[in-house]
Amino acid sequence: MAMQPASEPSYAEALHRHVANEIFQKFALASFAIWTGSCLLLFILFAAGNARPVFPAMLSMTTPLIPAALIWVAYRPLVNRQVAKRLRAREASRPEATAPEATAPGATTPS
């Protein structure tokens, strides 16, 4: 059986991928900033001046994973909300195609 060629994705699917990628990049940057800043702060406060810094260093590097990971709980709902919002905006900005001139440029109406 021959494989069928992949069809072009619909506008909604392409929009979903675009929005998901956009939000993923923002969340990844936010997670990086939260984890890095928190690690630095906690390491300076608890491990840097300690004579036995192994356990405080471990805690200062693993504890920030919790807030950095918590923002990802909102990822899927935020993607779905943004896609729906952009689809509604696209539908609202489209002119209604009731007249034949609106559907095909240069088309003549039958008389």
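**Ser-60 and its surroundings**

Tutor: Leaving out residues up to four places away in sequence, Ser-60 touches Ser-38, Cys-39, Leu-42 and Phe-43, a contact being heavy atoms within 4.5 Å. The model is predicted, so local features need pLDDT of at least 70 and side-chain atom pairs pLDDT 80 or more, whereas totals for chains, interfaces and linings use all residues. Residues are numbered from 1 along each chain as its sequence is written, and side-chain values use heavy atoms, with hydrogens and water left out.

Ser-60 belongs to helix α2, residues 54–62. Helices here are DSSP runs of H or I with at least four residues, strands are runs of E with at least two, and both are numbered from the N terminus. The relative accessible area of Ser-60 is 2%, so the residue counts as buried. Buried means under 20%, exposed over 50%, and partly exposed in between, with a 1.4 Å probe and protein chains only. A polar atom of the Ser-60 side chain lies 2.9 Å from the backbone oxygen of Ala-57.

Which residues of α2 are buried? They are Pro-56, Ala-57 and Ser-60. Because these residues span an arc of only 100° around the axis, they lie on the same side of α2; the arc is taken over the directions from the helix axis to the C-beta atoms. An α-helix has 3.6 residues a turn, so residues three or four places apart point the same way. The buried residues of α2 pack against α1. On the face turned away from that buried side, α2 carries the exposed residues Val-54 and Phe-55.

Ala-47 is buried, with a relative accessible area of 2%. Beyond four places in sequence, Ala-47 is in contact with Leu-42, Pro-53, Pro-56 and Ala-57, and Pro-56 and Ala-57 are among the buried residues of α2.

Apart from neighbours within four places in sequence, Ser-31 is in contact with Ala-68, Ile-71 and Trp-72. The side chains of Ser-31 and Trp-72 make a polar contact of 2.7 Å. A polar contact is a pair of N or O atoms within 3.5 Å; within protein, one must be able to donate a hydrogen and the other to accept it, and residues adjacent in sequence count only if both atoms are side-chain atoms.

The structure holds two salt bridges, each a side-chain nitrogen of Lys or Arg within 4 Å of a carboxyl oxygen of Asp or Glu. In one, the closest N and O atoms of Glu-22 and Arg-86 are 2.8 Å apart. Glu-22 is in α1 and Arg-86 in α4 (residues 75–93), so this pair ties together parts 64 residues apart in sequence. Glu-22 is partly exposed at 26%, and Arg-86 is partly exposed at 28%. The other salt bridge joins Glu-91 and Arg-94 at 3.7 Å between the closest N and O atoms.

For the chain as a whole, the secondary structure amounts to five helices and zero strands. Of its 111 residues, 14% are buried. Among contacts between residues at least 6 apart in sequence, 69% join residues at least 24 apart. The chain exposes about 8900 Å², of which carbon and sulfur atoms supply 66%.

Definitions and conventions:
Areas by Shrake-Rupley, 256 points an atom, 1.4 Å probe, with all protein chains shown as cover.
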